[in-house]
Amino acid sequence: MRKSHPIRRVVLATAATVSGVVLLLSLKPASDPAAASAAGAAPQQTAAGQESPQGGAQAAGTGTVTGDVAQTQYGAVQVRLTVAGGKITKAEAVQAPKGGLSDQKTELSVPKLNQEAVAAQSAQIDAVSGATYTSTGYKKSLQSALDKVKASSGASSGSSSGASSGSSAGSGAAQARTVTGKAVQTQYGTVQVRVTISNGKITKADAVQAPKGGLSDQKTALAVPKLNQEAVAAGTANIDSVSGATYTSTGYKQSLQSALDQAGG
């Protein structure tokens, strides 16, 4: 029998070894689940890192919020707020009546209303004399912006709280809420009241609708602020009517009572 040459055996062994290494290298990436999962996990961690700061900002009550557009007899009014730490730091009207005499009234009233909104930290601000319609529209849009701030803060605090604090967040939402009463038709126009209730007490009341036009403007400007104050002070709808504004007062009390009924108070 012919013997195999030693060099030939070495060559064959080397070729077999190289083939085995090549085969292992070609199979390793497909059979390495750790590498595949690491590659897929990296984008998810990046996205989570981007969402965290946003949630923190919402929980702190920081950002810019634009209220709903309020239509007035002379044009639309819309308010935008800048909020930091749950407080109004800036207020501005992104829409206001314009053209003719409205330009002068807007220039006169809006800066004052902006200042009052920041000072009062609520929509309970005085109307600017000579710009009743603009002032009313401003306050309505301002209130809607504040409602959005509260809703956003409540949602973010609820999502960021753990299981142990979930019940307290829920009770906080139940303690502070805004309720709008039914619209009451009076001889001179519609009256509708909105109240904010915290810990079972009225902390704020305002008329989202009230008689307007002609003499009604004067009576509304006289009566509504007093009725708002009485509602907060009394905590009920058992408040005195404002002299000279009996119809408005009656409608106000009826709408106030319906709001309290909705709130369970």
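## How two helices pack

To describe helix packing here, axes are lines fitted to C-alpha atoms, for helices over the stretch in contact, and angles run from 0 to 180 degrees between N-to-C directions. Helices (H or I, at least four residues) and strands (E, at least two) are DSSP runs, numbered from the N terminus. With that in hand, look at helix α6 (residues 215–234) and helix α7 (residues 246–263): they pack at an angle of about 35°, and their axes are 11 Å apart. Their crossing is right-handed, a label used when the near helix is turned clockwise from the far one by less than a right angle.

Before going on, a word on the model: it is predicted, so local features need pLDDT of at least 70 and side-chain atom pairs count only at pLDDT 80 or more, while totals for chains, interfaces and linings use all residues. Residues are numbered from 1 along each chain as its sequence is written, and side-chain values use heavy atoms, with hydrogens and water left out.

On the α6 side, L227, N228 and A231 are in contact (heavy atoms within 4.5 Å) with T248, S249, Y252 and L256 of α7. Sorted by class, that makes four nonpolar residues, three polar ones and no charged ones. In this sorting Ala, Val, Leu, Ile, Met, Phe, Trp, Tyr, Cys and Pro count as nonpolar, Asp, Glu, Lys and Arg as charged, and the others, Gly among them, as polar.

## The nonpolar cores

A nonpolar core is a set of buried Ala, Val, Leu, Ile, Met, Phe, Trp, Tyr and Cys residues joined through side-chain atoms within 4.5 Å. Buried means under 20% relative accessible area, exposed over 50%, and partly exposed in between (1.4 Å probe, protein chains only). The largest core has 18 residues, and V195, I202, A205, L227, Y252, L256 and L260 touch the most other members. Two or more residues each come from β7, β8 (201–209), α6 and α7. Apart from this core lies another, of 17 residues, including V77, V79, A91 and L113.

Y252 is worth a click. Setting aside its neighbours within four places in sequence, Y252 is in contact with V191, V193, A205, A207, L227, N228, A231 and I239.

## Salt bridges

There are four salt bridges in the structure, each being a side-chain nitrogen of Lys or Arg within 4 Å of a carboxyl oxygen of Asp or Glu. One of them joins D68 and K148, at 3.2 Å from N to O. D68 is in the loop between β1 (63–66) and β2 (70–72) and K148 is in helix α4 (residues 132–160), so this pair ties together parts 80 residues apart in sequence. D68 is partly exposed at 43%, and K148 is too, at 36%.

Another pairs R80 with E92 at 3.3 Å, N to O. R80 sits in strand β3 (residues 75–84) and E92 in strand β4 (residues 87–95), 12 residues apart.

D147 forms a salt bridge with R194, with 3.8 Å between the closest N and O atoms. Because D147 lies in helix α4 and R194 in strand β7 (residues 189–198), the pair links parts 47 residues apart in sequence. D147 is partly exposed at 23%, while R194 is buried at 13%. Shared partners join D147, R194 and D206 into one network of salt bridges.

## A look at R177

R177 lies in strand β5 (residues 176–180) and is partly exposed, at 38% relative accessibility. Its C-alpha atom is 5.6 Å from that of T196, 19 residues away along the chain.
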